[in-house]
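Below is a brief report on a predicted complex. Begin with the sequence and structure, then read on.

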Amino acid sequence: MLQSIRRFFGERGFLEVETPARIPANAPEEYIDPLPTLHWQLQTSPEICMKRLLCRGYDKIFQICRCWRADERGSKHLIEFTMLEWYRSNADYRQLIDDCIALLRLVSEDCAQAQPFVRFGNKIDPNGIWHIISVQEAFSSLAQVDVFSCIKNGLFDEILTSKIEPALEKFKTPVILKDYPLQLASLARISQDDPEFAERFELYVGGLELANGFSELTDPQEQRLRFEEVNRNRLKLGKPKLLLPEPFLGELSAMPPSAGIALGVDRLVMLTIGADDIDQVVAFTPESL
Amino acid sequence: MLSVADLKKGTKLILDGDPYIVTSFDFVKPGKGQALYKCKMKNMINGSTLDRTYRSGENFEPAGMDERDMEFLYKEGDHYTFMDQQTFEQVVMEEDAVGDAKNFLLENTKVAVMLFGTKPIGVTLPNFINLRVTQTDPWVKGDTSGSDSKPATVETGYVLRVPPFIEEGELIVIDTRNGEYSTRIKG
């Protein structure tokens with residue numbers, strides 16, 4: 001799997017990079033809690049350092065690394081997991097969607113003898129025509145609800161996991177859910193076509209969330225406001241505020257228009273071998289240590 | 001108090017005053033979204049099931065369960081009376097809560113009674129229990145109908161299938177977990 005991924009990026013002129021796993025501050029997220037260490041914290045994603053590399057002029061980079069997210073443990077979650085991230089300068093999320101399509105096709109050819117991916121016994125063929133649908137369309141057609149009213153009532157994640165993801169299990173090819181409402185933009189750029197949405201997408205295979213990508217927000221002021229908003233929301237949830245990644249905010253104005261994506265490698269292995277539980281794809285679960 | 005992160009399969013908790021056992025549990029979380037805990041739970045009194053989704057930060061009261069060794073004394077209408085072997089206290093349980101165990105209860109049978117607070121909510125029988133056959137048709141030697149079992153009624157009124165050679169008045173061993181004939185006791 002790792003060799004296949006490296007071949008994919010090598011052939012496309014990407015530079016493989018390594019960045020520190022232990023950092024003073026991750027990008028603050030409302031619902032992602034970093035694992036503290038004696039000093040600083042472990043990365044929840046390598047995004048901060050990789051984006052700083054973009055600011056320094058590296059234009060196509062990828063990394064395969066361990067990430068840690070506190071308290072995330074279930075049939076699709078390990079606290080310590082393997083992430084693949086890649087970034088392209090002078091590109092937007094559309095190029096990333098094309099990368100996803102080509103990457104999954106190559107991985108299935110290299111690692112699964114070109115057999116389709118399997119999730120809960122359903123076959124999902126990356127070689128077929130992918131479904132690319134907007135989040136708003138998915139909510140109205142798969143759950144018969146309006147996405148904005150779901151967000152207003154704090155029900156977005158509940159509808160997503162109870163209605164949308166189960167419906168996506170039935171799709172015979174991978175699905176790209178794109179154009180997230182601005183409230184869920186995270187570090188994504190506002191859509192050029194409709195300012196109510198952000199250029200963010202999620203890749204689903206057989207209902208399993210595999211990757212999250214977006215056109216990067218490159219405005220330091222806007223990014224700082226969003227981080228502060230995240231911290232205000234964390235306080236409301238009774239969670240501690242998180243330190244802002246100041247050097248990143250300081251360098252952000254130098255970032256060219258870029259796009260980046262994070263993909264869960266353990267989950268890609270699950271799909272490749274048809275494992276329904278993430279425990280099946282690691283030699284050691286945290287409970288066995 | 002239990003936090004939602006403490007829940008796992010088998011956890012017993014109180015919801016709306018009733019004890020529930022978690023029968024399946026999963027942690028789900030969209031990458032950037034909030035953590036949700038999906039539970040299926042079974043009401044330990046009436047057996048009804050519930051699907052619930054919880055968010056982190058929610059708390060539950062654990063259901064304190066206590067299992068006591070008791071002896072079945074007698075039945076009156078729909079009420080079954082048991083006596084605690086240690087304290088000699090008597091508890092009365094309704095037929096619904098006794099469930100299938102009622103098929104195997106004879107006076108003086110030793111059982112374990114599950115208590116929720118002071119309320120008895122279930123009976124655990126020994127895995128095997130001996131009961132006498134009160135009615136069954138005699139076995140006609142040379143019967144070639146090919147049937148390898150026949151119905152028999154035991155002293156509690158329970159009817160089960162037994163091998164053709166079992167006769168009225170014989171003592172048989174029943175597996176209480178599936179209610180099936182296990183063997184016979186000769187003599």
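## An open sheet in chain B

Five strands of chain B make an open sheet, ordered β14-β13-β12-β15-β16, with antiparallel pairing. Its edge strands are β14 (159-162) and β16 (180-185) of chain B, and each pairs on one side only. Averaged over the sheet, neighbouring strands are turned by 50 degrees against each other, direction ignored.

Strand β13 (residues 150-154) of chain B runs antiparallel to β14(B), joined by four bridges. Here B:A152 stands opposite B:L160 in β14(B). Two strands count as paired if DSSP finds at least two bridges between them. Strands (E, at least two residues) and helices (H or I, at least four) are DSSP runs, numbered from the N terminus.

B:G17 sits in the loop between β2 (12-15) and β3 (18-28) of chain B. B:G17 is partly exposed, at a relative accessible area of 45%. The scale is as follows: buried is under 20%, exposed over 50%, partly exposed in between (1.4 Å probe, protein chains only). B:A63 lies 46 residues from B:G17 along the chain, with 9.4 Å between their C-alpha atoms.

β3(B) and strand β4 (residues 36-43) of chain B are antiparallel and share eight bridges. B:D26 has B:K38 in β4(B) as its bridge partner. Seven bridges then link β4(B) to strand β5 (residues 49-55) of chain B, again antiparallel. B:K42 is bridged to B:T49 in β5(B). β4(B) and β5(B) form a hairpin with five residues between them. In the turn, B:G47 has a positive phi of about 80 degrees.

## Confidence and conventions

The predictor gives the complex an ipTM of 0.83 and a pTM of 0.79. Chain B averages a pLDDT (per-residue confidence, from 0 to 100) of 88, and 96% of its residues score at least 70. Where pLDDT is low, the predicted coordinates should not be read in detail.

Residues are numbered from 1 along each chain as its sequence is written, while chains are lettered from A and ligands numbered from 1 in the order written. In this predicted model, local features need pLDDT of at least 70, side-chain atom pairs count only at pLDDT 80 or more, and totals for chains, interfaces and linings use all residues; side-chain values use heavy atoms, leaving out hydrogens and water.

Methods:
pLDDT = per-residue confidence, 0-100. Axes fitted to C-alpha atoms, helices over the stretch in contact; angles between N-to-C directions.
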